[in-house]
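These are my notebook entries on a structure that is new to me. I wrote down what I looked up, entry by entry.

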Amino acid sequence: MDTKRTVFPSQGLPYLLVAPQLIITLIFFIWPAGQAVKSSFEREDPFGLSTSFVGLMHYGRLFQDPAYLASMGRTALFALAVTVISMGLALVLATAVNRLIRSGTAYSTLLLWPYAVSPVVAGILWWFIFNSTTGILPYVLEFFGVDWNHQLNGGQAMILIIIAASWKQISYNFLFFLAGLQSVPQSLNEAAAIDGAGPFKRFWTIVFPLLSPTTFFLMIVNLNYTMFDTFGVIDATTAGGPNQATNTLVYKVYSDGYIGLNLGSSSAQSVILMLFVIVLTVIQFRYVERRVQY
Amino acid sequence: MASIDLKGVRKVYPGNVTAIHSVDLSIEDGELVVLVGPSGCGKSTLLRMIAGLETITDGTISIGADVVNNKEPAERDIAMVFQNYALYPHMSVRQNLEYGLKNRGTPREEIDRRVAEAARVLEIAPFLDRKPRQLSGGQRQRVAMGRAIVRQPKAFLFDEPLSNLDAKLRGQMRIEIRRLQRSLKTTSVYVTHDQLEAMTLADRLVVMNGGRIEQVGKPIELYDRPASLFVAGFIGSPPMNLLPVETLAAVAGATMPTLTPGADIVGIRPDQVVLGGGDGIALSGTVELIEPVGGESHLYVRVEGIEQALILVQQGRANVGEAERIDFVLPIQALHGFNRESGRRVE
């Protein structure tokens, strides 16, 4: 593809035009990130009067800290569960809506609403539904012999944040899956039907492989989402508890830094998270755009 | 291999839009029938109803001895070649060919044998391990054909398979499809809007218009004796000249013959018009435009008193120039009479 090159009257103009974007990025992203990297190598005294360079001490300690390693495991479980659940349900919903001809738009609009709900509100919503004293679901679950109390039971707390985070993300995945499904030509489905493949076989051998670029893209986006954007959901429902059971990596950055006031360790943790994002983004750019095609 | 029978077939879409009005058609075993007509005439809908991709509102469709109205496309044992080929983009050519056979549980050796045979016939053996996007339009077309023939179905259905190819390739593939169909002797239904393709391919031609069949017959029969005004105007290039009788009578004067009662439009093929003198309706006019096609020339002649220009075909090079006056004759035996109101032929 040949791209059109614009010729500017003066050499400075293009730089001037991109300057606002560059300045915003530098002040609000690059500089704070640089500060985090810097303070992850430093130790500050309790009164903030002096800092000393400690090298990789914070990193070393983190990887020996059982609480941190446990949080890593929890985050992996959380990220995987949310990605699988929200993508799975979104694919089912998108396939269902894709079969509709006239009412499709109405369903799509309704299914998009959760995405417009802010993470904190989503969290509180589910917190109410699952509230062990006033919530409707624990009341129902009691008939099945389940004693629901996510304020005491760590496993249940994890289930709660997985549900809340997945619910919010389904809309986004749904939209992409629906667009992906609509770009699969109808004639392929028809050809496969004539070739003797039933609806399920058609889906798994024709439609699903053709959706692979969308699926891969969403996988990366969802992993990113669960690792970083779920802070609001967790803070509003469980606040990392009970007993650290929902303290994921991103929540730990906050609780160690702002509540525990261990700025050095918190910075080191955010630098590690930053590396995760960088790796995921690189994978996304390299593979989504080159490898995953047909 | 089987015959295909359509009895009183109708298609009504939601909202009471009738796409097909009661069509009766029987296609014999081994025959290649071409459905031709302008876009929106219902030819593709009819084909898709035979394939099982559209439901049948009324009437019956049978393939061989079985009524297939309620059968899934897979159970009808037909193969279809789509306009956009519909090759599975994530599979290699070989996998594309094997897909239908695997779904039917054909044994491995049999699959290999049939794929090898199809690849040999269609000369696609060198590309078997490539993906469809690595192939040219003509090669994709061959693969689509291959996918149909490996199945050895009762019938082939073609939905404008050549319309995405350039003119030269279209001509080549047309001949190949004809040759292949002759050697396999598989009953085929072929849909096209291109009347030249239709004429050259068909054993029998079905001209459709507005969801109805206008005429069925051998291509030459349709050319020689069009049963309606629509067929007369649709088949043949350049198209038949169609003139209102009263205008023609006013211009022709004494040379105007008495026509069959009821005929108020007469038609004449451009190549039947005789330049110079002779028996028939004598006319004269001014040459407006000459289209040299190579082997023949098309003359657009303006006759005073007649609204539209008449088209004349002269073999070889035109021996008149533009803006010159010429005399010509419409031989009586070459005239086709039609009734304007019914649109049908009057004998």
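**Entry 1, the interface.** I began with the area buried between chain A and chain B, which is about 1700 Å², with carbon and sulfur atoms giving 60% of it. Buried area here is the accessible area, taken with a 1.4 Å probe, that two parts lose on being put together, summed over both. I noted that the contact takes 17 residues from chain A and 23 residues from chain B, where contact means heavy atoms within 4.5 Å.

I am reading a predicted model, in which local features need pLDDT of at least 70 and side-chain atom pairs count only at pLDDT 80 or more, while totals for chains, interfaces and linings use all residues. Residues are numbered from 1 along each chain as its sequence is written, chains are lettered from A and ligands numbered from 1 in the order in which they are written, and side-chain values use heavy atoms, with hydrogens and water left out.

I looked for salt bridges, meaning a side-chain nitrogen of Lys or Arg within 4 Å of a carboxyl oxygen of Asp or Glu. The structure holds 24 of these salt bridges over all chains. Arg48(B) lies in helix H1 (residues 43-51) of chain B and Glu190(A) in helix H8 of chain A, so the pair joins two chains. The side chains of Arg48(B) and Glu190(A) meet in a salt bridge at 2.6 Å, N to O, and across the interface of chain A and chain B the rule finds two salt bridges. Helices (H or I, at least four residues) and strands (E, at least two) are DSSP runs, numbered from the N terminus.

Axes are lines fitted to C-alpha atoms, for helices over the stretch in contact, and angles run from 0 to 180 degrees between N-to-C directions. The contact is made by Leu188(A), Asn189(A), Ala192(A) and Ala193(A) of H8(A) with Arg202(A), Ile206(A), Val207(A) and Leu210(A) of H9(A).

Helix H5 (residues 119-129) of chain A packs against helix H7 (residues 154-182) of chain A at an angle of about 130°, with the axes 9 Å apart. That makes H5(A) oblique to H7(A). Among the residues that meet are Trp126(A) in H5(A) and Trp167(A) in H7(A).

Most residues other than glycine have a negative phi, and most peptide bonds are trans. I noted a cis peptide bond joining Ser237(B) and Pro238(B), with omega about -5°.

Conventions:
Angles under 35 degrees count as roughly parallel, over 145 as roughly antiparallel, 65 to 115 as roughly perpendicular and the rest as oblique.
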